[in-house]
Structures are given as structure tokens and as C-alpha cells.
Amino acid sequence: MSSENAMVAHNIRLLRERRGLSLAELARRSKLAKQTLSRLEQGSGNPTVDTLFAIAAALGVPVARLVAERQTSVIVQRGDEVVWECGAGFESRALGLVYGSGVVENYLLRVGGRAGGASEPHPTGTLEHLYVVSGRVRVGPEDSPVELSAGDSVRYPGDRPHVYESLDGESVVHVVVSVPYGGGRR
């Protein structure tokens, strides 16, 4: 089995199961044969572009979610390295993408003192997107936190133990927690 087929197989199965769909129901929704879907989930099929689009539509996701490896690494954007896009009377900066298949929670956190705080893992597949509004913080996975200053942002897996620690008295951060469909709230 090629690594591409294994990735597509994993993504289809994961998305189908998160939505609580049987192979038969996905077959019905995508108008594909159950046997075709079974082979794809086993990594032995070689899907056409039309097949991938039919599956993606039936699952309610962009086709990129089927063919892209799920990134669980930490991704940092430094405030002085980003590009602001100009609009009519405003400027915007993208902080990251959140796919619409689940619950998206927004928080403004005041993080104080050097003691820091730990957060238990959220449901599997959860991502946290954090933007530093003021101060300096150490945040991210418990085993590999990163230090950030005002204007910096980071995305990291929220389904592992993670920490929030201010390095400057009180810091303020904006956190977006994206919990996949079926993961429920924390």
C-alpha cells in the first residue's frame, strides 16, 4: 500500500467514523458502491478525482481533507514576519484555518504569574490556535512549549497535555479551540 493510499484510507475512515456513518450510509450518500469504499478504507483502492469529490461532498468536507496529511505539529507565526492584507478601510491577518466540521470555541484568557497552568488533553483531533494579545507566554504541548510575544501566534494539538504560562506578570491571549465533529465539548 502506498503512503498516499494509506493517508486517504485513514482520512476517509476517520471522517466517516466521526460522523457516526456506516460504510453503507456513506455509500448511499456518495452514490458509490460499498465495496469501492471498503477497498479505499483498506488502502487497496486507487480513487479517481470524481470518487474523491463524491466522498468529500458526502462527508461535508473539502477534498483536501481526504488527501492531506493531518498536521499535528506546532506551527508558529511571529508577529514581525506576517503579511497583513489590505481591505476597504481595514487590514486583516489570517491566523489559521478551522474546518467547519465540529465545535469551535473562542476564549480570551488572562494568564498570570510564573507558576503556569496545565490543561488536560481535549478529544482526539482537537487543535488549539492561540494569538498573543499582550505580554509574553510559554504555551503549547507540555513536552515542547514555545515562547511567544505580543503579535505572535501558534497552532498545536490540543489532544495532548498542554500548558499556558505567562513570562511577564499578566498576559492576554486569544484561543480558538476546534473540536472535531463527534468529539463533544470539553
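Entry one, a helix pair. I looked up how helix H2 (residues 23-30) meets helix H3 (residues 34-41), and found that they pack at an angle of about 115 degrees with their axes 9 Å apart; the axes are lines fitted to C-alpha atoms, for helices over the stretch in contact, and angles run from 0 to 180 degrees between N-to-C directions. On the H2 side the contact (heavy atoms within 4.5 Å) is made by Leu 23, Ala 24, Leu 26, Ala 27 and Ser 30, and on the H3 side by Lys 34, Leu 37, Ser 38 and Glu 41. I took helices (H or I, at least four residues) and strands (E, at least two) as DSSP runs, numbered from the N terminus.

Provenance. I note that this is a predicted model, in which local features need pLDDT of at least 70 and side-chain atom pairs count only at pLDDT 80 or more, while totals for chains, interfaces and linings use all residues. Residues are numbered from 1 along each chain as its sequence is written, and side-chain values use heavy atoms, with hydrogens and water left out.

I looked up strand E9 (residues 153-157) and found 5 of its 5 residues buried, so the strand is largely enclosed by the rest of the structure. Ser 153, Arg 155 and Pro 157 point one way from E9, whereas Val 154 and Tyr 156 point the other way.

I counted two strands as paired if DSSP finds at least two bridges between them. Strand E1 (residues 75-77) pairs with E9 in the antiparallel sense over 3 bridges, with Ile 75 having Arg 155 as its bridge partner. Strand E6 (residues 127-134) also pairs with E9 in the antiparallel sense, over 5 bridges, and there Tyr 131 stands opposite Ser 153.

Entry five, the whole chain. I recorded 5 helices and 11 strands, and 38% of the 186 residues counting as buried.

Technical notes:
Buried means under 20% relative accessible area, exposed over 50%, partly exposed in between (1.4 Å probe, protein chains only).
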